[in-house]
Amino acid sequence: MFSFFKRLRGSKGAGNETAETDAAPETVPDASDDESAAAPAPSSAPAAPVTRAPAPQAPNAPQADDTRKDSEVELEAVEIVPPPALDANAKKSWLSRLKSGLSKTSSNIQSIFVNAKIDDDLYEELETALLMSDAGVDATEYLLETLRQKVRAERLTDAQQVKDALRQLLIDLLKPLEKSLMLGHAQPLVMMIAGVNGAGKTTSIGKLAKHMQSFNQSVLLAAGDTFRAAAREQLAIWGERNNVTVVQQESGDPAAVIFDAVSAARARGINVVMADTAGRLPTQLHLMDELKKVKRVIGKALDGAPHEVLLVIDANTGQNALTQVKVFDDALGLTGLVVTKLDGTAKGGILAAIARQRPIPVYFIGVGEKVEDLQPFVAEEFADALLGN
């Protein structure tokens, strides 16, 4: 990947440095709702919309022609799945950490089925355990009622059979959330990432950038959180680790920073732009309006962008996470979620609540600070961890 960035930026003498701008670009359109505002003109040297880095060339080999017309290159959709580096041992380790993170809920549910009789007491205890897991009233009532019907219809008499039936119902409930993030359907693919402060948003961006590089995607980061210096510094550190450019300003309009980043990505032929935004509570309506402004400006920088609008939520916040999903979705039209901190005191049931009330795809879940601790969401794996299977 380093050779790819060096080839793209060699003519400018750029390495893995952070790109800084002192002021908003003159071509940034006004962020009002005036649809007549013109989008910036494409770069005079249109970048080839490739989705995979070219193979390294010999020192004397001729350089690839990056001036091909867009019509000459076909975009190739790439599905984000666990990268090949996640071998059997790494996968086992990942599942072990996930089960450990959800052990509070799984131990409660497991104890219910030990030498249990299929009666009202079992359902009452199960109701309590599901509510305590942050599943919420709606999802809990749905699971219990459906479980009762299944037990009667299939004449289940053994506690383990009932637990297996609950497992299948939980998988079926969570399955609509299991959707892969698709790359390569736009050039560049612009991703806007939102979330409240402390949810792990900036760290998740750094991890996602590494994931995308494993699929030969070049990445550019936009430090749109201009209100918090630590956020820019943190993003710059991830940029250095992943050898990607970070476009940032010391202060100013976050929409202008992200506009700059999208323009730079178009000129350099970058595959993915990931735009960090300032953390805010969903109750801060004036700040939510600023997020809407950022989204409008991104659309003027590149028609159809942002192609992905992700919300990073902290699984430890319980039902408050569901509130965040609803408010941010109403404001921005979310396309996916990243659920973090499932290795702490998280109870896990919040995903069942989301599946019932706002079934937005969960692209990734996280159980730690390392890059490999953020993995695509798989409903069956999550249900097994939640039930202690």
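This briefing describes the overall make-up of a protein model and several of its local features. The model is predicted. The secondary structure of the protein comprises 13 helices and 11 strands. Of its 389 residues, 51% are buried.

**Overall architecture**

- Among contacts in the protein with a separation of 6 or more, 79% are between residues 24 or more positions apart.

**Negative surface patch**

- A patch of negative charge on the surface is formed by Asp121, Glu124, Glu125, Glu127 and Glu141.
- Helix H4, which spans residues 120-132, contributes four residues, the largest share of this patch.
- Glu125 is one of the patch residues and lies in helix H4.
- The relative accessible area of Glu125 is 43%, so this residue is classed as partly exposed.

**Thr226, a buried loop residue**

- Thr226 is located in the loop that runs between strand S5 (219-224) and helix H8 (229-242).
- With a relative accessible area of 8%, Thr226 falls under the 20% limit and therefore counts as buried.
- Leaving aside residues up to four places away in sequence, Thr226 touches Arg232, Glu250, Gly252, Pro254 and Val257.
- Thr226 and Ala255 are 29 residues apart along the chain, and their C-alpha atoms are separated by 9.6 Å.

**Cis peptide bonds**

- Gln187 and Pro188 are joined by a cis peptide bond with omega of about -5°.
- Pro188 belongs to the loop between strand S3 (182-183) and strand S4 (189-194).
- A cis peptide bond also links Ala305 to Pro306, with omega of about -5°.
- Pro306 sits in the loop between helix H10 (285-301) and strand S8 (308-314).

- Arg155 is not a glycine, yet its phi is positive, at about 55°.
- The loop between helix H5 (136-154) and helix H6 (159-174) holds Arg155.
- Arg155 counts as exposed because its relative accessibility is 71%, where the class requires over 50%.
- Lys341, likewise not a glycine, has a positive phi of about 60°.
- Lys341 is placed in the loop between strand S9 (336-340) and helix H12 (350-357).
- The relative accessible area of Lys341 is 31%, so Lys341 is partly exposed.

Key. Residues numbered from 1 in each chain as written. Predicted model: local features only at pLDDT ≥ 70, side-chain atom pairs only at ≥ 80, totals over all residues. Heavy atoms only, no water. Patch = residues over 30% accessible without salt bridge, like charges linked within 9 Å, V, L, I, M, F, W, Y side chains within 5 Å. Areas by Shrake-Rupley, 256 points an atom, 1.4 Å probe, with all protein chains shown as cover. Salt bridge = Lys/Arg side-chain N within 4 Å of Asp/Glu carboxyl O. Lys, Arg positive; Asp, Glu negative; His and termini not counted. Charge placed at Lys NZ, Arg CZ, Asp CG, Glu CD. Helix = DSSP H or I, 4+ residues; strand = E, 2+ residues; numbered from the N terminus. Buried < 20%, exposed > 50% of the residue type's maximum accessible area, 1.4 Å probe, protein only. Contact = heavy atoms within 4.5 Å.
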